[in-house]
Amino acid sequence: RVLQLMNLTDSRLAQAGNEKLELAMLSFFEQFRKIYIGDQVQKSSKLYRRLSEVLGLNDETMVLSVFIGKIITNLKYWGRCEPITSKTLQLLNDLSIGYPFGKGSQILGKSHPELVKLSAVQFMLNNHTSEHFSFLGINNQSNLTDMRCRTTFYTALGRLLMVDLG
């Protein structure tokens with residue numbers, strides 16, 4: 001239902017949006033990512049069957065595509081809203097890190113190789129300018145929050161590019 005609501009609210013963002021609702025959806029995405037996306041998740045879970053029936057999302061890659069689409073939409077329409085921009089970029093950063101897996105006492109990160117192949121990720125890698133993402137053009141005398149957002153964005157893109165380059 002959250003994904004259906006997201007489709008409805010995103011279609012109306014050009015006219016108006018609700019900051020609290022967007023932040024709530026981002027919290028949902030973060031929890032969903034932690035529970036249902038990753039190496040240890042059983043791919044045949046009831047959730048993925050239900051997502052396939054209701055929304056046509058057949059696998060994790062399709063769900064990741066929805067996540068990246070939401071990230072791009074938020075960065076496009078909410079670039080001047082720091083709480084949404086920050087939380088959206090944190091989701092992108094978390095997705096670029098991938099999922100942890102243990103090796104002895106060491107925790108390593110394994111990125112989602114299928115993530116880099118998505119057209120939306122390729123769009124971000126090829127169009128990382130303020131023309132497409134307004135928060136990159138904000139310059140209030142080098143506001144620390146703006147710099148942190150840019151740093152998070154380019155760190156995530158750099159990680160995705162490294163996966164793409166092997």
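In this predicted model, Gly137 is partly exposed, with a relative accessible area of 45%. The term applies because this value lies between the limits of 20% for buried and 50% for exposed residues. Gly137 belongs to the loop that links α7 (119-126) and α8 (144-165). Gly79 lies 58 residues away from Gly137 along the chain, and the two C-alpha atoms are separated by 9.3 Å.

Helix α5 covers residues 82-97. Its 16 residues reach 22 Å from the first C-alpha to the last, close to the 22 Å expected at 1.5 Å a residue. The buried residues of α5 include Ile84, Leu89, Leu91, Leu92 and Leu95, together with Thr85, Thr88, Asn93, Asp94 and Ser96. Just after this helix, Gly98 adopts a positive phi of about 95 degrees.

| Residue | Location | Value |
|---|---|---|
| Gly137 | loop between α7 and α8 | relative accessible area of 45% |
| Gly98 | just after α5 | positive phi of about 95 degrees |

In soluble globular proteins, nonpolar side chains tend to be buried together. Here, the largest nonpolar core holds 40 residues, and Ile68, Leu92, Met124 and Phe153 have the most contacts inside it. Among the elements that give two or more residues to this core are α4 (60-77), α5, α7 and α8. The largest share, seven residues, comes from α4.

Which residues does Phe153 contact, leaving aside its neighbours within four places in sequence? Phe153 is in contact with Leu75, Leu89, Leu92, Met124, His128, Phe133, Phe135 and Leu136.

Terms used:
Residues are numbered from 1 along each chain as its sequence is written. This is a predicted model: local features need pLDDT of at least 70, side-chain atom pairs count only at pLDDT 80 or more; totals for chains, interfaces and linings use all residues. Side-chain values use heavy atoms; hydrogens and water are left out. Helices (H or I, at least four residues) and strands (E, at least two) are DSSP runs, numbered from the N terminus. The expected span of a helix is 1.5 Å times one less than its number of residues. Buried means under 20% relative accessible area, exposed over 50%, partly exposed in between (1.4 Å probe, protein chains only). A nonpolar core is a set of buried Ala, Val, Leu, Ile, Met, Phe, Trp, Tyr and Cys residues joined through side-chain atoms within 4.5 Å. Contact means heavy atoms within 4.5 Å.
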